[in-house]
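Please look over the sequence and the structure shown below before reading on. The briefing that follows takes a few helices and loop residues in turn.

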Amino acid sequence: GRGIMTGLSIDKLSMRFDLPDGGHVQALQDVSIDLKAGELLSVLGPSGCGKTTMMRMLAGFETPESGSIMIDGRDMTAVPPAERPVNIMFQNYALFPHLSVADNIAYGLRRSGMSAPALSDRVDELLHLVRLKRFEGRKPDSLSGGQRQRTALARALARQPKLLLLDEPLAALDRKLREETQIELVSLQRQL
């Protein structure tokens with residue numbers, strides 16, 4: 001890595017995908033980024049420019065062809081996804097339709113073996129944080145787009161990741177809700 005001991009340091013990350021015809025697509029070429037703890041970064045660009053590929057590498061779902069990923073001074077380049085202090089909220093939210101809001105939020109915590117009282121407290125704290133306490137028993141299909149998004153956000157925050165990745169978090173929202181959500185995300189990020 002190139003420097004900072006806390007936060008995220010990406011150094012010369014490159015990735016290409018082979019095509020069936022023998023050619024390849026260069027998804028990323030020598031991308032370097034340094035973020036201090038508490039910083040917020042928005043990555044903008046046209047479809048196919050490598051934004052999602054970079055996020056998938058940060059989360060551990062793709063292995064870079066070259067370069068390194070450091071989080072809090074620790075090399076994460078070859079660390080499996082489940083062992084990284086990273087969580088990703090996908091564009092489609094990927095909520096479980098058969099689970100309530102509370103159970104969607106609790107899902108990752110249950111799998112980590114957290115005790116029932118601690119799990120209940122953490123879910124309650126997250127429901128308050130994203131203003132969904134009175135919706136905790138509802139299923140995703142009975143929620144508005146903004147409420148589904150806040151459920152997915154609470155679930156992504158549940159295990160207190162050091163790095164939270166949001167893949168086009170505002171794409172499915174109308175303009176008014178998009179503007180409100182931008183303000184909300186910045187406010188939430190400052191609180192945490």
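Helices (H or I, at least four residues) and strands (E, at least two) are DSSP runs, numbered from the N terminus, and the expected span of a helix is 1.5 Å times one less than its number of residues. This is a predicted model, in which local features need pLDDT of at least 70 and side-chain atom pairs count only at pLDDT 80 or more, while totals for chains, interfaces and linings use all residues. Residues are numbered from 1 along each chain as its sequence is written, and side-chain values use heavy atoms, with hydrogens and water left out.

**Helix 4 and its surroundings**

- Helix 4, which runs over residues 145-157, has 13 residues and spans 18 Å from its first C-alpha to its last, close to the 18 Å expected at 1.5 Å a residue.
- Eleven of the 13 residues of helix 4 are buried, and the helix is thus described as mostly covered; buried means under 20% relative accessible area, exposed over 50%, and partly exposed in between, with a 1.4 Å probe and protein chains only.
- The buried residues of helix 4 are Gly146, Gln147, Gln149, Arg150, Thr151, Ala152, Leu153, Ala154, Arg155, Ala156 and Leu157.
- These buried residues pack against strand 5 (86-89), helix 2 (101-111), helix 3 (116-129), strand 6 (163-166) and helix 5 (175-191), where contact means heavy atoms within 4.5 Å.

**Helix 4 with helix 5**

- Helix 4 and helix 5 pack at an angle of about 20 degrees, and their axes are 12 Å apart; axes are lines fitted to C-alpha atoms, for helices over the stretch in contact, and angles run from 0 to 180 degrees between N-to-C directions.
- Helix 4 and helix 5 are therefore roughly parallel to each other, given that angles under 35 degrees count as roughly parallel, over 145 as roughly antiparallel, 65 to 115 as roughly perpendicular and the rest as oblique.
- The crossing of helix 4 and helix 5 is right-handed; a crossing is left-handed if the near helix is turned anticlockwise from the far one by less than a right angle, and right-handed if clockwise.
- On the side of helix 4 the contact is made by Gly146, Gln149, Arg150, Leu153 and Leu157, and on the side of helix 5 by Leu177, Thr181, Glu184, Leu185 and Leu188.
- By class, the residues of the contact of helix 4 with helix 5 divide into five nonpolar, three polar and two charged, with Ala, Val, Leu, Ile, Met, Phe, Trp, Tyr, Cys and Pro counted as nonpolar, Asp, Glu, Lys and Arg as charged, and the others, Gly among them, as polar.

**Helix 2 and its partners**

- The buried residues of helix 2 are Val101, Ala102, Asn104, Ile105, Ala106 and Leu109, and what covers them includes helix 3 and helix 4.
- The axes of helix 2 and helix 3 come within 10 Å and cross at roughly 130 degrees, which makes helix 2 oblique to helix 3.
- Helix 2 passes helix 3 in a right-handed crossing, and in their contact Val101, Ala102, Ile105, Ala106, Leu109 and Arg110 of helix 2 meet Leu119, Arg122, Val123, Leu126 and Leu127 of helix 3.
- The contact of helix 2 with helix 3 has nine nonpolar, no polar and two charged residues.
- Helix 2 and helix 4 pack at an angle of about 25 degrees with their axes 7 Å apart, and they are therefore roughly parallel to each other.
- In the contact of helix 2 with helix 4, Val101, Asn104 and Ile105 of helix 2 meet Thr151, Ala154 and Arg155 of helix 4, a set with three nonpolar, two polar and one charged residues.
- Helix 2 is followed by Gly113, whose phi is positive, near 85 degrees.

**Residues in loops**

- Most residues other than glycine have a negative phi.
- Asp72, which is not a glycine, has a positive phi of about 50 degrees; Asp72 lies in the loop between strand 3 (66-71) and strand 4 (74-75) and counts as partly exposed at 31% relative accessibility.
- Ala94 also has a positive phi, near 50 degrees; Ala94 is found in the loop between strand 5 and helix 2 and is partly exposed, with a relative accessible area of 35%.
- Leu40 is placed in the loop between strand 2 (24-35) and helix 1 (51-59), and at 54% relative accessibility Leu40 counts as exposed.
- Leu40 and Val186 are 146 residues apart in sequence and 8.0 Å apart in space, C-alpha to C-alpha.
- Leaving aside its neighbours within four places in sequence, Leu40 is in contact with Val186 and Gln189.
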